[in-house]
Amino acid sequence: MIAIPDLNDLIGKPYEFKGRGNPGYDCWGLVVEVHRRFGISIPDYSVSAESARDTSCHEQFHEKISAEKSNTNLWKNLDVPEIPCIILLKAHLYFAQHVGVYVGYGRFIHSHYSFGINVDKTHD
């Protein structure tokens, strides 16, 4: 069983466009921070709603990931997510409109533009 680092200090922090910590995070910035606390280094790509509308951003994101993970699937579907899987919401072939991190027990932590950082259920 994987040890989950303390994430309580993140709950309630505000959403901040392109935020990477002080005072808040955007959704990808939070994914990067949560993984850092797990001891995992991941690339710092922007997955903001603004970039999701920009086709060139999709292509750049896909090219960067493809170059790093050549001959592998871009996204992997899991029936039972593992901690700390990245949860993709409204996922498309080259991008996701929102992301969070699975923290167990059917819940994920994410930074939402309306209410900041929160923990929600993966399914209703």
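**The hairpin and its surroundings**

Guide: Strand 2 and strand 3 (residues 107-112) run antiparallel and are joined by four bridges. Two strands count as paired if DSSP finds at least two bridges between them; strands (E, at least two residues) and helices (H or I, at least four) are DSSP runs numbered from the N terminus. The model is predicted, so local features need pLDDT of at least 70 and side-chain atom pairs count only at pLDDT 80 or more, while totals for chains, interfaces and linings use all residues. Residues are numbered from 1 along each chain as its sequence is written, and side-chain values use heavy atoms, with hydrogens and water left out.

Within the pair, Tyr102 has Phe108 of strand 3 as its bridge partner. Strand 2 covers residues 96-104, and eight of its nine residues are buried, so the strand is largely enclosed by the rest of the structure. Buried means under 20% relative accessible area, exposed over 50%, and partly exposed in between, with a 1.4 Å probe and protein chains only.

The turn is another matter. Two residues lie between the strands of this hairpin, and Tyr105 takes a positive phi near 55° there. Most residues other than glycine have a negative phi. At 78% relative accessibility, Tyr105 counts as exposed.

Next comes the packing. The largest nonpolar core has 18 residues, and Leu10, Trp28, Leu30, Val34 and Ile109 touch the most other members. Helix 1 and strand 2 each supply at least two residues of this core, and helix 1 gives the most, with six. Such a core is a set of buried Ala, Val, Leu, Ile, Met, Phe, Trp, Tyr and Cys residues joined through side-chain atoms within 4.5 Å. In soluble globular proteins, nonpolar side chains tend to be buried together.

Two residues can be followed from here. Leaving aside residues up to four places away in sequence, Leu10 touches Tyr25, Leu30, Glu33, Val34, Arg37, Ile109 and Ile117, where contact means heavy atoms within 4.5 Å. Ile11 lies in the segment before helix 1 (27-37). Ile11 is partly exposed, at a relative accessible area of 37%. Its C-alpha atom is separated by 8.0 Å from that of Gly116, a residue 105 places away along the chain.
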